[in-house]
Amino acid sequence: MSNTDFYLRRLHSISGIAPIGVFLLEHIFTISTVIAGPGVFDAAVAKLAAIPHALLLTLEICFIAIPLLFHGIYGAYIAMQAKNNVSDYGYLRNRQFWLQRMSAWYTFVYLIWHVGYLRIVVKGGGTPISYAFLHDYLSNPIVFVLYAIGLVAAIYHFTNGLFTFCITWGIAVGPRAQGIVNKAAWGLFVVLSGVGLFALTHYIA
């Protein structure tokens, strides 16, 4: 592995935590406000919409779009080089490695659809994102299922990425520490997925 590849992989690893992972957590928090009622969600969205357009666009490009493109494109390069031997070795971490790659592909396509439609077509076209709009949108059972899968895939990719990040950066050294971090990552996955899916059901309730 060249020095350039070494540092690109480190940058790819940390970009999945910050800012992309932080954005995912914020996104889950925002959509989960609907649990308290449609009005609470609309108020949360209104606060984000109140950010000056120039500032918001700069933040979206620098801290969301560019990191996502880098993480997605370089991640695809890594995935195509990876040797997935889950059928030969059925160990848990081997399966996690395989799921990390599969969740990456689905999440990548899902985000193109999600961001392209809601952020560019809908919001960019002058239609505000609201509970009423998402209620109609997610009431389509196909859209709802694809969104639910996309949400779970993104959360898994993030939480398992936290686990691999801790190994890559030498935070979790040794089998015992790695086992603890892995269990914590699985626990976070269950909690975030539960909250996110529970919130999604409130848009069609």
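Author: This is a predicted model. The discussion begins with Ser193.

Reader: Is Ser193 buried or exposed?

Author: The relative accessible area of Ser193 is 7%. The cut-off for a buried residue is under 20%. Ser193 is therefore classed as buried.

Reader: Which residues is Ser193 in contact with, leaving aside its neighbours within four places in sequence?

Author: Ser193 is found in helix 8, which covers residues 175–202. With neighbours within four places in sequence left aside, the residues in contact with Ser193 are Val152 and Ile155.

Reader: Are helix 7 and helix 8 roughly parallel or roughly antiparallel to each other?

Author: Helix 7, residues 141–168, packs with helix 8 at an angle of about 160°, and their axes are 9 Å apart. Angles over 145 degrees count as roughly antiparallel. The two helices are therefore roughly antiparallel.

Reader: How many nonpolar, polar and charged residues does the contact of helix 7 with helix 8 have?

Author: Helix 7 passes helix 8 in a right-handed crossing. By class, their contact has no charged residues, 6 polar and 20 nonpolar.

Reader: How far apart do the end C-alpha atoms of residues 53–77 lie?

Author: UniProt, in an unreviewed entry, places the feature "transmembrane region" at several spans, including residues 53–77 and 103–122. In the model, residues 53–77 are 100% helix and 0% strand. The end C-alpha atoms of residues 53–77 are separated by 34 Å.

Reader: What is the corresponding distance for residues 103–122?

Author: The span of residues 103–122 is likewise 100% helix, with 0% strand. Its end C-alpha atoms lie apart by 26 Å.

Definitions and conventions
Residues are numbered from 1 along each chain as its sequence is written. This is a predicted model: local features need pLDDT of at least 70, side-chain atom pairs count only at pLDDT 80 or more; totals for chains, interfaces and linings use all residues. Side-chain values use heavy atoms; hydrogens and water are left out. UniProt positions are given in the numbering used here, feature names are shortened, and annotations may be inferred rather than shown by experiment. Helices (H or I, at least four residues) and strands (E, at least two) are DSSP runs, numbered from the N terminus. Buried means under 20% relative accessible area, exposed over 50%, partly exposed in between (1.4 Å probe, protein chains only). Contact means heavy atoms within 4.5 Å. Axes are lines fitted to C-alpha atoms, for helices over the stretch in contact, and angles run from 0 to 180 degrees between N-to-C directions. Angles under 35 degrees count as roughly parallel, over 145 as roughly antiparallel, 65 to 115 as roughly perpendicular and the rest as oblique. A crossing is left-handed if the near helix is turned anticlockwise from the far one by less than a right angle, and right-handed if clockwise. Ala, Val, Leu, Ile, Met, Phe, Trp, Tyr, Cys and Pro count as nonpolar, Asp, Glu, Lys and Arg as charged, and the others, Gly among them, as polar.
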